[in-house]
Amino acid sequence: MVLRWKAACVCLVSWPLVACTAEPGEPEGDGQVDGGSGGSSADTLDRSDPTVCIPGVPRTSQLPRLTRVQYDNTIRDLLGIDNRPSTMLAPDTTGSVDQRAWDGYRLAAASLSAEVLGDAALRSRLIPCSPEGEGEACALQLIEELGRRAFRRPLTEEEVGRFQSLFARRGELTASGTFEEAAALIIEAFLSSPSFLMRSEISERADGEVFLLSSYEVASRLSYMLWGSMPDELLFEAAQADELATSEQILVQARRMLADPKARETVRRFHEHYLHMGPGTRWASISRDPAVFPDFDEAMVPLLSQETERFVEHVVFEEAGTFQDLLTAPVGFVNATLAPLYDLDPASYGEELVPVDLDPATRSGLFTRLGFLASHSLYDRSSPILRGAFIQKDVLCTPIGAPPPDAESAPLPTDGLTTNRARVDAQTEPAGCKGCHHSFINPTGFALETYDAIGAYQDTESFSGAPIDAAAKVFMGSEEVDVDGPVELFRAIADAPAAQACYARKWVQFAYERELTNEDSCAVEALAARLTEGGYTVLDLIADLTQSDYFRYRAVEVGP
Amino acid sequence: MNRRLFLRGIGGAALAAPFLSSLGGSVRAQEAAAPRRLVIFYTHNGCLTNRWFPAVEDGPIDASALAGKTLEGLAPHASKLLFPRGLALYPAYFRGQTIDPHDQAMGSKLTCAPLDTEGSHWALSHSLDHEVARRVNQGAKNPLVLSVGTAFNNVKGILSYSAAQEPYAPETNPRNVYNGLTGLFSSEGEEGEADHRIKRGQSIIDLVSEDLAAFKRLDMSRADQRRIDDWLQLLRETEQQVIPVACNEDSATTLGITEADLAAASGGGFGVNLATAFTLGGDMMIKLIALTMMCDNNRSIVLQWPGYVKFAWDGIEHDYDHHGLSHRNGSADVGGTCVSGVLDAIAEIDGWYAERYVQLVTLLDSISEGDGTLLDHSAVMWLPELADGNAHNTNNLPIVIAGSCGGYLKTGASVNLAGGTLGTGNSEASCADGGMGSNSLNTGSSGGMVPLNKLYVTLMNAVGCQADDGGPVTSFGVVDSAELEAGITDPGELSALRA
């Protein structure tokens, strides 16, 4: 059951929520979903709430197209060209290929094949033989080897024939008909092919009402999930030997792949998504009133994201840490620019970010690093509302609903109020606001009032000298927990099943690249249970994403 | 009769010859009447409305009505302008929904639909540019949606929707737009070279079609079948498109679209700084709009400028981003204290965008087409996100349309559609005198509540859209009042805007 509040309140990306008019209603279990999720005609189970576990195989498209990120990585691994060719492609969509998308694919294919043609090192890497006579034998070898890697499975005889006839027409289709030009033509044709551009799953081996994926299809699921790219030779060998048929075999490969540097990029991208980082987000446009924060410098903005990325990589890979460690580890990454914000001596640091053990009494994990704190602040003050709303909505997955009218225009009362906490409480005092703000959003943010708008620690308010009060009662799922300050807050969140399930859910959604279904929610529940047991590393969790039925089976979508 | 396109007088020079030389070349088909098109030029964060509107609220306008206004640069085109006055967006913040004024002004602007109250707040219907594209584009292809720099792929950055909750992100790389046109160019001169290129392209289309056909043997879902069918259909239509003779490399060169210019504007497609994206990139996108029209490759075109940027080019050097300046306080907060010189800073931005709009209109009016110019056969509308950026109001919207769209629209006129006196808004009610005073939010307008839907219906008819029964279009969008449940309450076009 999803807890829902009638006309509850929400904080907006660039609009601090300052007033609400709606009364919080009783929690309801109606779970109404807009638009209908489709696919429940045959069974009587209630699929209106996708967070409810219904065992089975999710019904998914057989034809997902490569995303732009996957395209870049695949071209890097397929051709050895690493220059972000996806800038030539249309933006990612899940719909049909339209003129714009097709133009992009054609341009990229033509440009990349021309690049190969003009580069002797690339050519010798891709052309596996020296042509003799008409070069047909060598062309066949090229077609079969490049084709297997481009289509991520061996070509059918029919497909080999199509590319061979292209080779045979090289005289009329290229400028001078040389073997190299023909090879470039074959490469262009592979890169334009739907079987390259779509990660198609076409095995029709039925197992009851669902279909068993082939080992090649499993290899692609593994490589795109863990590396965002095509399979490597070891995966292809395992696929050829049909050694990706059991969960155990899949897990062995997943463990191997997570030790590869390519997995680090995937973990980085997930946490970018988890934290709402990246271009166009709060993290990318932090500016501060120089009158209030003379120490703030715009040069810090990219460093704030880098520090958080380094922290995540450190905890996940170097420390083999858990979700709990992400939320509690006191390590920071500091250089001379950031040192003053952590109350450290800049003279001891250079330009590079280096690991530092921060004071465990004041810093605890991901959300006490400078980046989150500064990005979730306002121009001239910290924002308990932005911070609290993020923690509630995106860390605890508290289903807070749509915002009320007039949310932006209520002023922050200042008269006689000597703390930001008191002012924000007064601002959100009207009956309509109070339900959401005073119970959920504000208290969570108040526990972080020990950090100012650039993330530096403070125990008094800069404008009044009044002591900071960071004690609060914070809702974590259905429990209300007393905490005093950020260290206690994140210890409690690390241990909260709601936060663990939220993290697991976001991983499943990220890894499977789609809206989750009832079947996926069973995987979420299983992972969350392991997280709650403890000692379950983030890498364990990622490896276990390959252990759901979804990784070995597919089911056909229903509906229009 | 061939559709003859030729340039005259870009930058003062007579440029007809290059296009005439291509007549008699490989024209693939002819069409009698010039196509009609809709172009939407879109900017964020409102403007200083009291400086923007022409001096005449209802009645004929000429250059004098624009004197001293933001749009003064349009004076030479005054006889081709239409100011539809008194229009408002529905639903909008406080009018039917209360999500966020920017989310709603973006998401509902071209869709006239509510937003999803959950998740990403995507709009719950498709947008005008897609509706028009579906009805008037060759092959019903998607509209050409352009932007510059890094486009936000969230509700605050997306204007175009292909369907409910299907955001259609803009193309930001000029080279990609150009590439979409070069395949259409008629091949003059280098016969041998072009010949094998055309055959090569066709051989790849054949191979791709065979690959797709193999998928059709599978027992797939309806959605997956549609993906395959749409792709096959697209490949067939690529072959059937009607291409005017002026669609060639000479036209591109004459417009100033060369490899060197593209490289400078695109930076290889990656890593262009914002100043380059806005100046060279924006200039190139405007030229590419003209070339797109000359190739008749799209009749529904959007150019949206990103809103959350700090101006630092063309002699402008701001301390705050456009959004923060529009709030008068330099930040995402509202209210607060005016930053020094904020009205001048906003006026600089308004002026910069006005110059781009003038550039687009001037360019399109300099290219002959049939018995007029590209502009004469188009409706080129400057549509804003908001009226005043501080008040976030979307009533009494400042909108101008250049071009009569083939004689359908009234021109040389301002038309008060709402009745009464509209006024020009109160954008300078706060922060006047360059001062640092307290910022009030009373900078918007009252009145001017005629639903924007009706303008869109008028524009759809102007570009030649037909309703499913073959008659004129009578409604667009999901909602045209603050009552979300009421649907469309006031169908029909705005006959006062007809020529």
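Chain A is divided by its domain assignment, which is automatic or taken from a database, into domain 1 (68–197), domain 2 (299–495) and domain 3 (499–543). The centres of domain 1 of chain A and domain 2 of chain A, taken over C-alpha atoms, are separated by 50 Å. The model is predicted: local features need pLDDT of at least 70, side-chain atom pairs count only at pLDDT 80 or more, and totals for chains, interfaces and linings use all residues. Residues are numbered from 1 along each chain as its sequence is written, while chains are lettered from A and ligands numbered from 1 in the order in which they are written.

Chain A also holds an open sheet of four strands in the order β1-β8-β3-β2, with mixed pairing. Here strands are DSSP runs of E of at least two residues, helices are runs of H or I of at least four, and both are numbered from the N terminus; two strands pair if DSSP finds at least two bridges between them. At the edges lie β1 (59–60) and β2 (205–207) of chain A, each pairing on one side only. Strand β1(A) runs parallel to β8 (residues 553–556) of chain A, and two bridges join them. Within this pair, Arg59(A) stands opposite Ala555(A) in β8(A).

The contact between the chains involves 55 residues from chain A and 53 residues from chain B, where contact requires C-beta atoms, placed from the backbone, to lie within 7 Å. On the side of chain B that touches chain A, the elements giving two or more residues are α5 (174–182), α6 (191–215) and α7 (222–240) of chain B. Of these, α6(B) gives the most, with ten residues.

Conventions:
Two residues are in contact if their C-beta atoms, placed from the backbone, lie within 7 Å.
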